[in-house]
Amino acid sequence: MAKDVIIACDFGSAEETYAFLDRFSGEKPFVKIGMELFYAEGPQIVRGIKERGHRIFLDLKLHDIPNTVKKAMRSLSALDVDLVNLHAAGTRAMMEAALEGLMRPDGTRPLLIAVTQLTSTDQAALENELLIEKPIDEVVIRYARNAAAAGLDGVVCSPLEAGKVHRACSDAFLTVTPGVRFGEGDRGDQKRVTTPALARELGSDYIVVGRPITQADDPVAAYQRCGKEFLG
Ligand code: C5P
């Protein structure tokens with residue numbers, strides 16, 4: 001797939017989501033549906049947005065035993081989403097099972113990417129709570145390599161890690177990167193942020209942008225600005 005901007009539709013209801021998407025009259029942005037919206041509205045919200053012609057990244061970050069994840073992925077694949085994810089911490093066996101579950105009868109499947117370490121996890125939590133004593137970027141790269149070895153298509157990571165991930169795995173291994181802000185914008189709770197233009201320079205394949213678009217006075221203009229800066 002070509003590089004693109006994915007809008008994080010972090011809304012609490014279908015009404016709000018559709019009202020937001022209605023503003024985009026001429027175009028069909030690639031959208032991300034996360035836990036908040038999916039748990040509020042169920043699979044129907046995925047079907048509804050798909051019917052409107054959008055590509056969908058379903059960001060549910062699965063993590064369970066391989067058999068359960070395989071069957072859950074089968075259900076998600078039947079929803080005709082384009083991109084789904086899981087936690088690389090579930091191990092290679094879980095990631096391989098997930099891929100099997102995603103395969104549709106016609107031989108197609110959604111792309112599958114892995115969360116390496118959440119950006120909310122810091123070195124102290126890694127060492128003191130998870131008992132992982134390696135530097136966090138080494139852990140991220142190792143988990144990315146595990147995901148690649150399991151046959152996954154990429155990882156979610158910071159744009160700042162995109163180059164390192166590409167060098168460790170391959171150029172074709174996707175880097176899907178949140179934490180994007182326009183230079184002058186409010187960072188919110190994101191700490192390590194980059195602009196769309198810098199994300200492009202650093203080699204991100206997809207930028208995931210939420211509040212800078214959803215909370216903008218003119219979301220369509222903000223989306224177009226992201227596209228212009230990221231895609232050139
Ligand atoms: O509003 P904002 O642009 O910060 O939204 C970023 C989106 O990416 C949110 O939906 C957030 O949950 C998601 N995300 C993230 N960092 C990760 C993984 C996902 O910000 N490591």
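Student: Which residue in S8 stands opposite Ile6?
Tutor: The model is predicted: local features need pLDDT of at least 70, side-chain atom pairs count only at pLDDT 80 or more, and totals for chains, interfaces and linings use all residues. Residues are numbered from 1 along each chain as its sequence is written, and side-chain values use heavy atoms, with hydrogens and water left out. Helices (H or I, at least four residues) and strands (E, at least two) are DSSP runs numbered from the N terminus, and two strands pair if DSSP finds at least two bridges between them. S1 and S8 pair in the parallel sense over four bridges, and the residue in S8 opposite Ile6 is Val208.

Student: Which residue in S8 stands opposite Thr177?
Tutor: Strand S7 (residues 174-177) runs parallel to S8, and two bridges join them. S7 is also covered on both faces, with Leu174 and Val176 buried on one side and Thr175 and Thr177 buried on the other. The residue in S8 that Thr177 stands opposite is Ile207.

Student: Which residue in S7 is the bridge partner of Gly154?
Tutor: Strand S6 (residues 154-156) and S7 run parallel and are joined by three bridges. In S7, the partner of Gly154 is Leu174.

Student: How many salt bridges does the count come to?
Tutor: A salt bridge requires a side-chain nitrogen of Lys or Arg within 4 Å of a carboxyl oxygen of Asp or Glu. By this rule the number of salt bridges is 11.

Student: How many residues apart are Arg52 and Asp22?
Tutor: The two side chains form a salt bridge with an N to O distance of 2.9 Å. Arg52 lies in the loop between helix H3 (43-51) and strand S3 (56-62), whereas Asp22 is in helix H1, so the pair links distant parts of the chain, and their separation in residues is 30.

Student: In the salt bridge between Asp82 and Lys50, what is the N to O distance?
Tutor: Asp82 is in the loop between helix H4 (66-78) and strand S4 (83-87), and Lys50 is in helix H3, 32 residues apart. Asp82 counts as buried at 18% relative accessibility, while Lys50 is partly exposed at 22%. The N to O distance is 2.7 Å.

Student: Which helices hold Asp137 and Lys164?
Tutor: These residues form a salt bridge, with the closest N and O atoms 3.0 Å apart. Asp137 is partly exposed at 36%, and Lys164 is partly exposed at 39%. The pair ties together parts 27 residues apart in sequence, because the two residues lie in helices H7 (residues 136-149) and H8 (residues 159-168).

Student: How far apart are the C-alpha atoms of Arg92 and Ala150?
Tutor: Arg92 lies in helix H5 (residues 91-102), and at 43% relative accessibility it counts as partly exposed. Arg92 and Ala150 are 58 residues apart along the chain, and their C-alpha atoms are separated by 5.6 Å.

Student: What is the separation of the C-alpha atoms of Arg225 and Ile213?
Tutor: Arg225 lies in helix H11 (residues 219-231) and is partly exposed at 33% relative accessibility. Arg225 and Ile213 are 12 residues apart along the chain, with a C-alpha separation of 9.5 Å.

Student: What is the value of phi of Asp80?
Tutor: Asp80 lies in the loop between H4 and S4 and is partly exposed, at 39% relative accessibility. Its phi is positive although Asp80 is a residue other than glycine, and the value is near 65 degrees.

Student: Is Leu131 buried or exposed?
Tutor: Leu131 lies in the loop between helix H6 (123-128) and H7. Its phi is near 60 degrees, a positive value in a residue other than glycine. With a relative accessible area of 65%, Leu131 is exposed.

Technical notes. Buried means under 20% relative accessible area, exposed over 50%, partly exposed in between (1.4 Å probe, protein chains only).
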